Amino acid sequence: MQPIDINSTQTKPSSSEKYSAICAHDLSFLYPDGTQVLNKLNWEVSAGAFQLIVGDTGSGKSTLLRCLQPALTPVGTLTGSLSVWDEIYTDASHGVFNPRVGYVSQSPESQLVCDSVWHELAFGLENLGTDQATMRKRVAEVAHFFGIEAWFNKRIDELSGGQKQIVCLASMVALRPQLMVLDEPTAQLDPVVEKNFLHALFRINRELGITVVVATHNPETMVDYATSAVRLTEGAVVPLDLADLKAGEQPVLSLRSSTQNGSQGVGALEDALEVVSAHNVSVRYSQSSSLVLDECCISVRKGSLHALIGGNGAGKTTLLKTLAGVIKPLSGRVKNTLKAKQAYLPQNPKALFVCDSVSEELTEWQEACGYTFDEWMAWAKRFGLESQLEVHPYDLSGGQQQQLALAKLLLTNPELLLLDEPTKGLDAHAAAVLADAILSYAEAGNTVVVATHDMTFVQLLADQVTLLFNGQDALTMTPQEFFADTIFYEPCDNAFARLMSGGVCAEE
Amino acid sequence: MRFLEHLHPLVLVVYMAGVLVLSMLSLEPISIALSLCGACSFGVLTRGWRPMLQFVRWQLVCVGVIAVANFLLSSTGSTELFRIGMRAFYLESLLFGLCMGALLMAVMVWFWDFASLLTSEKVETVFGNRAPTLAIMISMIGRLIPQFVRQGHEIDEVHQACSAASAQRSQPLQAQFRHLSVLAGWTLEDSLETAYAMKARGWGYAPVRTTYKRFVFGRTDALCLGVVVALLGLSGVGALLNVSSFHFYPVMNVSPSMWHVWSAVLFFAPSFVVIKERCACNR
């Protein structure tokens, strides 16, 4: 495919020419509350690069990326010099949209504005006052490029998460940016969909010549597409070697005591009492829709950590909710002996937050469940929330929100914990802290059912795996048996695995 | 149906508005009967017998209620049917009630017919150029409402699933209010992100917003619009003449005229288009 003209009004830099897309000198950013996130940062990204930015939560990745699009620059003091494609940002440019910079953020759900795909693709062009012919051409062009034609007329609500994120990207590309900035774009996507998205990103970089800058805390999956990488640490940018970001070769070993004791442990599990089960359960959401679960069976033993895996739409969340008893199956039997003592962690912890501060959130069920001040403070300390007790839950980072939600649930002392994608969108450290808490809860003899895409999490923590496919339980076995012969579902020796195996969390 | 679906929304809007106004203005049995038959035949052709009957069922009850009410309350006319005490009941007042009911039903059925044809985005196309902000608002609302419902369900389910925190079931009403406040907080938080996403795509950048037009007003559309306007004009003149010469009381004078032919053509035009298309497909 021929590269399309990047922007009719601006000339595309030729690739042979050494030309920088981003050039920052002594860049500092100070929030009004006195938090300094960027500190005399020097950074240069050459034209046509595909650069990864890694860094811990709160290291200022989002702030840095937002500064590249003046319309999104947060309120605060920006000092030093910053130029994007030779356009030097001054105080006057603050708040003014720069059409040469595209920006895609994490959540596809809240990024989409219109009710249909075609309108979403045209939305940005309408804002720029583009004339009819140009608009039609550009919409057709991006729809074709991203393979959107088949669902061009669909309503946004009918799309899957991956399709939504592709629409976000396509609607940005329709504006013909020369620099595309993405902030954790794949955090909400499952591994297969993530690959598709990254592939699309790769194509806009290599085929259309758009410079790409991606902030991520999961660099292992992106490193093959990238041309360079940097780490943002203490407000400064440090260049990284791409090879350092690749996943390791070490086998990932289970952390469960039951499996470490060899076959004896597994045998003990099989003898354990069945506490939760579903037998030939079928579920559908409306009369006209197809079955989400179709004669699905599962048996969860007491004291086990049972993982549900499978692609998007395989019915993992539906099965969890059916086991919890909040979805009534069309047919089949559900048995849950722990129904009165269960807790459910939803995919989006916001569904669980009722109060205006972290401390209120942690004490919300204190009266009903009778836990003490020391107990909830212990959780706050374990998750590093003790300095943020008066903060609104929404102002916490994604990882801390998930940790707060888990703490809130574990304080109720449940005997059955149902988790929906607990590590989704979290950086390695946050995921490790969370997984460590889940591990110690399970090791105490409690039962956990977890729906997840994270194979490393499954290998490390689970002692039973059920693969859901096409609404049915395709197979159930131990992770060791399951991962012994898979080509795609594979645990990865990533930063999360190393943190967990190294016992970093235990030391903390 | 394909032809009507691909017609420029302006033609559909003009037709629909014209037919509704015409039906409401011509309170005269023949015109009402034509309008009702046209609406029902189009409904049956596009949606099938069963949904049509299901929709009309309650309308018929409504027609009956209006007819009986008028019959009982208005004691005017010349053809006396029966008398209870001093009060006489006339055929004319029964027929007047029936006509009113039928008119209401015709209007409802036309709305129902066009609901599937005139989607929100087609309405947007017609009004989009006049009020681009309104058009984008309609589109955003169309997206937000299903999202609210979904998130509301999610909150309810999550809190229901956390049975270990047993306190919440005791006061369901209070719990509902809490859930509503969770939904409000969540939505507001999301809307901030949506606002950023809008800014990231240049919201407010150009002084004048344009609107992406999915439908081009072509020659066929112009021709159809011409035909519709002409038929509306002829039927309108006819309706004025017919209604001015027609009266229910004291004696009803139903007299078919040449003008009714134009109304018939107008009201049955959509059905005719669909039938013609089906024949072409079957051949």
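**Close-up 1. Helix H14 (residues 398-410) of chain A, its span and its burial.** In this predicted model, H14(A) has 13 residues and should span 18 Å at 1.5 Å a residue. The expected span is 1.5 Å times one less than the number of residues. The end C-alpha atoms of H14(A) are 18 Å apart, which agrees. Helices (H or I, at least four residues) and strands (E, at least two) are DSSP runs, numbered from the N terminus. 13 of the 13 residues of H14(A) are buried, so the helix is largely enclosed by the rest of the structure. Buried means that 20 or more other C-beta atoms, placed from the backbone, lie within 10 Å of a residue's own.

**Close-up 2. The largest nonpolar core.** This core has 85 residues. Such a core is a set of buried Ala, Val, Leu, Ile, Met, Phe, Trp, Tyr and Cys residues joined through C-beta atoms within 7 Å. A:Leu418, A:Ala435, A:Val449 and A:Leu461 have the most contacts inside it. Helix H15 (residues 428-443) of chain A supplies the largest share, 10 residues.

**Close-up 3. The surroundings of A:Leu418.** Neighbours within four places in sequence are left aside. The contacts of A:Leu418 then include A:Leu320, A:Tyr344, A:Val449 and B:Ala161. Contact means C-beta atoms, placed from the backbone, within 7 Å.

**Close-up 4. Where chain A meets chain B.** 59 residues of chain A are in contact with 42 residues of chain B. H3(A) gives the most to the side of chain A that touches chain B, with eight residues.

**Notes.** Residues are numbered from 1 along each chain as its sequence is written, and chains are lettered from A and ligands numbered from 1 in the order in which they are written. The model is predicted: local features need pLDDT of at least 70, side-chain atom pairs count only at pLDDT 80 or more, and totals for chains, interfaces and linings use all residues.

Notes: Contact = placed C-beta atoms within 7 Å. Buried ≥ 20, exposed ≤ 12 C-beta atoms within 10 Å, placed from the backbone.
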